[in-house]
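Thanks for coming, everyone. Let me put the structure up, and then I'll walk you through it.

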Amino acid sequence: MESNHLPTTLLDLLDNHLILSHVVPFLSPSALLSLAAASKSFYSLVFVTHSRYTFRHLDLSTLPYVYNFGPSTNHESDEDYLAAPVRRALYVLNKKAVLSCVTTLVLDGMPVPATLLWEIFRADASNIRILSIRDVKNLGDEKLLQLLRHLVRPSRPEGSLKLKALYYFTPSVPVKGSRSWSPERWRFLETPQGVTDTLGSQLGQCHISDPNVPTTSSWTNGRGVLFNTAFMNSEEEWIQLIESCQGLIAFDVVICHHAPSSEDRPRLANVALGADGCQDCHAAPEQPRIFGRTPAHDLPLLSPPPLFASTVKAAQCPAPGENPKFYARCTHCLQGRRCESCNIWWCENCYTPPSQRSAPARKSAGEIKVEFLTRRCYECGWICRSCAERAIRQCQRCGTSYCVLHDGPCSATECDWCSSSGRRRGREDF
């Protein structure tokens, strides 16, 4: 018996709000507009019937923006001109009465001046709860701090504060060049032949990160530096703001729990240490942060911003398969305790760096006989003995120690000088 039922169409599937809400976050704004332009039925579905689902999560970080060294008109500043694409997109959404449906707004990497943020939060139709402005351009810390202080001021009208979460500190995309040395980087040790096949030249093709740039983008899934505070002049102001925003606005950063001395000021935790704890005792003097046990104001927002919910709980919840337990500290209290290559670390109970010892270390019982970290290459930084054994070599021709990662086109047995083209003689001959 033949069936008279027509096959299910795409419009029928997307008309189910459960399916639509799980599909739309993966569409770019241009793809969503193209879908709405397909027919009147799709236009009604996108902008009328299910607008609260189609525009709940809006990612404008993929918008093309202009590069120009000057303003387009005499009445427009450089910042306003560069922010025109984002401002135009928000204007169109407001004109079509769907701006109030946007609860998660992602502006990562876009030119976002402070004036644009003021316009967003002052708009009557604005209902943004999660805002991501990581790696944005034309936005300074002072102007952002001023804006946030205004939002959380005690004299604010009741119900005026709608922002609940702010992504600003962590990198917007995972950093490909990590200082952790994977086994693939050592496969060139087997049979190096010729200058182009030497270890140094081959490893030069792999990006080696600077110690001051991020080496991970997640608090729970990885180890390493998330952001650099060395050039942050307003760290104390950020700490004061974060403390005053407890229970109001959550951030993608937390305050370091551990201070080496009572005279030390609070600092922002910018190093993810994983869930294993100290390399020796597998713990730490401070308690680890665990999702579900640690108070919400003491947990950071996790990357990326949630796709299917606009709540702080969803932004702090680890992804399936990730460990909900992690340690986070600042680079100041980890100075001399963390390997900058493999990111293993030691707590204060297990290791005291030489620079922090009150007296020179003696080789008596109970004293440290072998240092955990060493610095034999400036670019490698402080690394553990295991990483030093893999990175530092002694030239079999001239006897000089060298780093196989940073000392030019070296090989597994010869330094860059002895293995360079022309087969120069060893340094002892000069």
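Glu235 counts as buried, because its relative accessibility is 6%. Buried here means under 20% relative accessible area, exposed means over 50%, and partly exposed is in between, with a 1.4 Å probe and protein chains only. A word on the source: this is a predicted model, where local features need pLDDT of at least 70, side-chain atom pairs count only at pLDDT 80 or more, and totals for chains, interfaces and linings use all residues. Residues are numbered from 1 along each chain as its sequence is written, and side-chain values use heavy atoms, with hydrogens and water left out.

Back to Glu235. Which side chain does Glu235 meet in a salt bridge? The partner is Arg265, at 3.8 Å, N to O. By salt bridge I mean a side-chain nitrogen of Lys or Arg within 4 Å of a carboxyl oxygen of Asp or Glu. Glu235 sits in helix 11 and Arg265 in the loop between strand 7 (254-255) and strand 8 (268-269), so the pair ties together parts 30 residues apart in sequence. Helices (H or I, at least four residues) and strands (E, at least two) are DSSP runs, numbered from the N terminus. Arg265 is partly exposed, at 31% relative accessibility.

Helix 11 comes up again. Arg149 and Glu237 join their side chains in a salt bridge of 3.2 Å, N to O. This pair links distant parts of the chain: Arg149 is in helix 9 (residues 141-151), Glu237 is in helix 11 (residues 235-244), and they are 88 residues apart. Arg149 is partly exposed at 39%. Glu237 is partly exposed too, at 34%.

Next pair. Arg87 and Glu119 form a salt bridge at 3.0 Å, N to O. Arg87 belongs to helix 7 (residues 84-95) and Glu119 to helix 8 (residues 114-122), so parts 32 residues apart in sequence are tied together. Arg87 is partly exposed at 22%, and Glu119 is partly exposed at 42%.

How many salt bridges does a search of the whole structure find? Ten. There is also a network of salt bridges, linking Glu286, Arg329, Arg337 and Glu348.

Five strands make an open sheet, ordered 1-2-3-4-6, with parallel pairing. Strand 1 (57-59) and strand 6 (250-251) are at the edges with a single partner strand each, so one side of each has no neighbour in the sheet. Two strands pair if DSSP finds at least two bridges between them. Strand 2 (residues 104-106) and strand 3 (residues 130-132) run parallel and are joined by three bridges. Leu105 has Leu131 of strand 3 as its bridge partner.

On to Thr220. It lies in the loop between helix 10 (199-203) and strand 5 (224-225). Is Thr220 buried or exposed? Buried, because its relative accessibility is 10%. Leaving aside neighbours within four places in sequence, Thr220 is in contact (heavy atoms within 4.5 Å) with Leu302, Glu322, Asn323 and Phe326.

Last, the surface. Leu10, Leu13, Ile19, Val23 and Leu27 form a nonpolar patch there, with about 380 Å² of accessible area together. Helix 1 (10-14) and helix 2 (17-23) are the elements that give two or more residues to this patch. Patch residues have over 30% relative accessible area and no salt bridge; like charges are joined within 9 Å, nonpolar side chains (Val, Leu, Ile, Met, Phe, Trp, Tyr) within 5 Å. Areas come from the Shrake-Rupley method with a 1.4 Å probe, and for residues only the protein chains shown count as cover. Leu27 lies in the loop between helix 2 and helix 3 (29-36). Leu27 is partly exposed, at 35% relative accessibility.
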